[in-house]
Amino acid sequence: MIVLGIETSCDETACALYSSEDGLLGHRVHTQAIHAEYGGVVPELASRDHVRWLLPMVDGLLADAGLGRAAIGGVAYTAGPGLLGALLVGAAFGAGLAFALGVEAVEVHHMEGHLLAPMLDNPELQPPFLALLVSGGHTMLVAVPAVGRYEVLGETLDDAVGEAFDKIAKLMGLGYPGGAALARLAQDGSDTGARFPRPMTDRPGLEFSFSGLKTRAMLALAEVTDRQGRADVAHAFEEAIVDTLTIKCERALNQTGLRNVVVAGGVGANLRLRESLATMARRRGGEAFFPRHEFCTDNAAMIAYAGWLRLKAGQGAAAEGFAARARWPLDALSALA
Ligand code: KG4
Ligand code: ZN
């Protein structure tokens with residue numbers, strides 16, 4: 001079966017084709033540029049841009065794969081969580097297309113997509129594992145005993161990691177979202193001895209907090225005047241975040257008895273984080289798994305794949321309506337079997 005995946009939960013319009021026989025056939029992502037001048041995503045503009053891009057993108061993707069619409073055997077769309085208007089565009093489109101083609105549609109949880117994305121390129125990876133979800137909107141540790149069963153062990157009490165990266169990057173004049181640019185700048189930074197706090201690592205628990213660290217970085221930035229100074233701050237800030245995430249992951253592995261850790265979400269593209277987690281997991285006799293870079297950030301390959309697993313488990317339905325949920329707790333999902 002060939003599943004068309006649709007993702008429109010925020011400011012990326014994306015579609016993908018996943019074949020149960022041949023794996024991923026292709027995918028496309030359009031990152032909306034219209035938000036840059038506002039320094040954040042403008043929901044109404046996002047919805048309108050999804051409307052503009054979705055149909056031509058899907059047709060282009062099918063053409064690239066040498067397929068017609070009739071080849072689509074099921075449609076998976078992101079039903080939440082995310083911006084409601086943006087989600088509604090993808091949901092209406094996905095369910096409408098499934099209805100017209102007479103195939104099943106399946107609602108996919110955006111974070112489940114992120115969480116399973118490392119399985120796309122690592123066929124040997126199977127639950128149980130610990131997942132660290134780090135994106136612009138989330139920072140979560142999740143125990144995954146089976147596909148579809150997600151136990152949230154800890155979340156951020158304030159800013160998400162990506163959000164903290166983005167806010168500091170913005171102050172450094174690196175644009176929005178600036179996490180990747182900040183990480184590049186950090187490579188030119190040196191150890192000045194300035195040590196930022198590792199928030200909430202000195203007490204038990206798996207919760208995160210990044211607002212205090214962000215304030216420390218802001219204060220440090222106010223003291224510097226040149227690029228090298230900014231690079232040094234970026235270096236110390238990134239190091240504090242990577243250390244904090246690694247300490248909490250190890251704590252969660254100890255607590256759950258799990259060995260393998262999976263990293264997902266946009267901040268999972270961070271190289272220092274990848275190195276640090278891989279070293280920690282290996283030291284404990286486990287392994288760290290990552291999605292390929294392009295599947296760390298929002299994409300539809302992960303949606304098509306998660307959708308396929310649910311369709312295969314008989315969780316699709318005739319598209320007689322559609323759903324979109326701005327909020328949708330991850331642990332409310334049903335297990336596959
Ligand atoms: O999962 P994602 O694409 O989307 C949402 O959260 O919506 O994550 C995007 C986030 C942004 O905050 C971005 O700055 C951050 O991931 N990011 C990074 C890196 N690449 C992307 N943060 C740190 N280092 C990176 N290399
Ligand atoms: Zn995302």
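Author: Asp159 touches Thr139, Ala164, Lys167, Phe210 and Lys214, leaving out residues up to four places away in sequence, where contact means heavy atoms within 4.5 Å. This is a predicted model, in which local features need pLDDT of at least 70 and side-chain atom pairs count only at pLDDT 80 or more, while totals for chains, interfaces and linings use all residues. Residues are numbered from 1 along each chain as its sequence is written, chains are lettered from A and ligands numbered from 1 in the order in which they are written, and side-chain values use heavy atoms, with hydrogens and water left out.

Reader: Is Asp159 buried or exposed?
Author: Asp159 has its place in the loop between β8 (149-155) and α4, helices (H or I, at least four residues) and strands (E, at least two) being DSSP runs numbered from the N terminus. Buried means under 20% relative accessible area, exposed over 50% and partly exposed in between, with a 1.4 Å probe and protein chains only. Because its relative accessible area is 8%, Asp159 counts as buried.

Reader: With which side chain does the side chain of Asp159 make a polar contact?
Author: A polar contact is a pair of N or O atoms within 3.5 Å; within protein, one must be able to donate a hydrogen and the other to accept it, and residues adjacent in sequence count only if both atoms are side-chain atoms. The pair in question lies at 3.4 Å, and the partner is the side chain of Lys167.

Reader: Which side chain has an N or O atom 2.5 Å from an oxygen atom of ligand 1?
Author: Ligand 1 is surrounded by 19 residues, and among the closest are Gly136 and Asn270, a residue being near if one of its heavy atoms lies within 4 Å. Oxygen atoms of ligand 1 also lie 3.0 Å from a polar backbone atom of Gly266 and 3.2 Å from a backbone N or O atom of Asp298. The side chain at 2.5 Å belongs to Asp166.

Reader: Is Thr246 buried or exposed?
Author: Thr246 lies in helix α7 (residues 227-256). Beyond four places away in sequence, Thr246 touches Ser276, Leu277 and Met280. Because its relative accessibility is 10%, Thr246 counts as buried.
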